[in-house]
Amino acid sequence: MAETLSGPVWVPKFPNSTSVDDLVDPFKSNAKKFIAALTKAGATVSISSTLRPKERAYLMHWSFEISGGYDPEKVPAMTGVDIEWVHRDAKGNKNLPASKTAADMMVTGYEIAYEPALASRHTEGNAIDMDIGWTTPELTITDGAGKTVTIKTGLKNGSNTELHKVGASFTVIKLLSDPPHWSNDGH
Amino acid sequence: MKALGPSLLVLLLVACQNTTVPPTFNYKSDLGVAVEKAGHACLYIPDSSLSPGQRVQFITATTPQSAGEAEILIKADETCKDSVQDQPGVIHYSLKTTQGALRRAAPAFAIANFSRALTPTEGGMAADLDGDGKPESFRACTSSEGVHLTVWKGKPLEGLRKWHYYYYLGFDVTSDCAEADTKPDTE
């Protein structure tokens with residue numbers, strides 16, 4: 001299959017998902033149970049990200065690198081992503097400015113100012129970003145062991161440390177540094 | 001001693017009314033985040049009283065830090081509505097940059113209701129926000145998928161953290177934050 005030159009045409013490919021169904025088991029079923037328990041308890045749950053395809057991470061990472069001056073010829077290939085990073089002139093010579101311009105356009109399309117990582121719990125399907133909240137004075141929720149837990153103190157959102165324990169009972173672990181992020185191991 | 005006559009009393013009252021008292025800087029409402037995305041400059045700040053034409057200063061969060069100015073264009077502009085940046089009480093405004101430049105897709109510190117100077121130092125920009133004679137410094141770092149912007153009394157990570165904002169990126173990056181950057185303000 002012919003390779004497609006790098007450029008903004010790649011940006012809409014391999015879109016991110018907000019569906020829990022795109023996660024991998026056992027995290028998928030654990031996350032579903034946790035969300036069901038939250039919803040039943042009266043909390044609101046808004047999911048912003050689940051699976052981030054590794055192909056998208058590859059495209060974001062390497063377009064960012066080339067945009068920053070990395071030699072496009074040295075970019076490793078990725079199975080399933082038929083992209084040609086090296087642009088050439090009419091004589092077939094490597095055209096670095098054109099390669100960089102195409103990468104710049106991808107970076108602009110992705111709207112990235114920080115170096116994207118190649119792999120993460122999101123690319124594995126083992127992470128979910130969600131905003132959780134409740135407005136009632138207490139949140140009474142059934143944890144993963146079937147025990148009723150009443151959260152009476154702390155923030156009424158996903159940063160509540162008591163809620164983190166409830167999440168852990170479903171093996172949905174909070175990453176403290178990133179408010180919306182939960183994963184299979186807290187990374 | 002002779003009693004004050006009515007005319008002197010009126011003069012004193014007028015003088016008191018005309019005395020300009022510098023507004024007290026409010027860390028909770030006078031600091032926010034400015035970002036340029038999809039060709040629009042936007043401000044996210046927990047202050048609903050800003051009006052079109054009002055000046056806002058900003059400090060870019062990427063190294064080297066630089067300062068600039070922007071002007072409020074429209075309050076609650078649809079172009080700046082971004083569900084993933086929604087935080088309780090935070091209002092979005094559209095901006096026009098009038099001095100300096102925001103880096104695309106990189107959040108910057110936004111400072112409203114502040115007219116004193118922002119000073120470049122060896123470690124980045126500094127400003128005496130609360131007017132106590134001790135300058136505040138500005139720090140930004142990345143966690144797994146967001147940027148933590150913090151303001152410190154004195155040196156970053158050494159002084160007292162006065163302000164914290166989490167800016168969700170929506171893709172994975174390499175974390176370089178310390179625990180002091182990311183810890184929630186209160187529980």
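**Entry 1, the model.** I reminded myself before starting that this is a predicted model.

**Entry 2, the barrel.** I traced the strands of chain B and found a closed barrel of 6 strands, in the order 1-2-5-4-3-6, with antiparallel pairing. From one strand to the next, I get an average twist of 40°.

I looked up the pairing of strand 6 of chain B with strand 1 (residues 31-37), which is antiparallel and has 4 bridges. Here Ala110(B) is the bridge partner of Gly32(B). Strand 3 (residues 55-60) of chain B also pairs with strand 6 in the antiparallel sense, over 5 bridges. On that side I found Thr60(B) opposite Ala108(B).

I then checked how enclosed strand 6 (residues 108-112) of chain B is. Of its 5 residues, 5 are buried, so the strand is largely enclosed by the rest of the structure. Ala108(B), Ala110(B) and Ala112(B) point one way, while Phe109(B) and Ile111(B) point the other way, and all are buried.

**Entry 5, on to strand 4.** I followed strand 3 of chain B to strand 4 (residues 67-75) and noted 5 bridges between the two, which run antiparallel. Phe58(B) has Gly68(B) as its bridge partner in strand 4.

I finished with the contact, to which chain B gives 25 residues and chain A gives 25 residues. Sorting the chain B side by class, I have 10 nonpolar, 9 polar and 6 charged residues touching chain A.

How values were computed:
Residues are numbered from 1 along each chain as its sequence is written. Chains are lettered from A and ligands numbered from 1 in the order in which they are written. This is a predicted model: local features need pLDDT of at least 70, side-chain atom pairs count only at pLDDT 80 or more; totals for chains, interfaces and linings use all residues. Two residues are in contact if their C-beta atoms, placed from the backbone, lie within 7 Å. Ala, Val, Leu, Ile, Met, Phe, Trp, Tyr, Cys and Pro count as nonpolar, Asp, Glu, Lys and Arg as charged, and the others, Gly among them, as polar. A residue is buried if 20 or more other C-beta atoms lie within 10 Å of its own, exposed if 12 or fewer, and partly exposed in between; C-beta atoms are placed from the backbone. Two strands pair if DSSP finds at least two bridges between them. Axes are lines fitted to C-alpha atoms, for helices over the stretch in contact, and angles run from 0 to 180 degrees between N-to-C directions.
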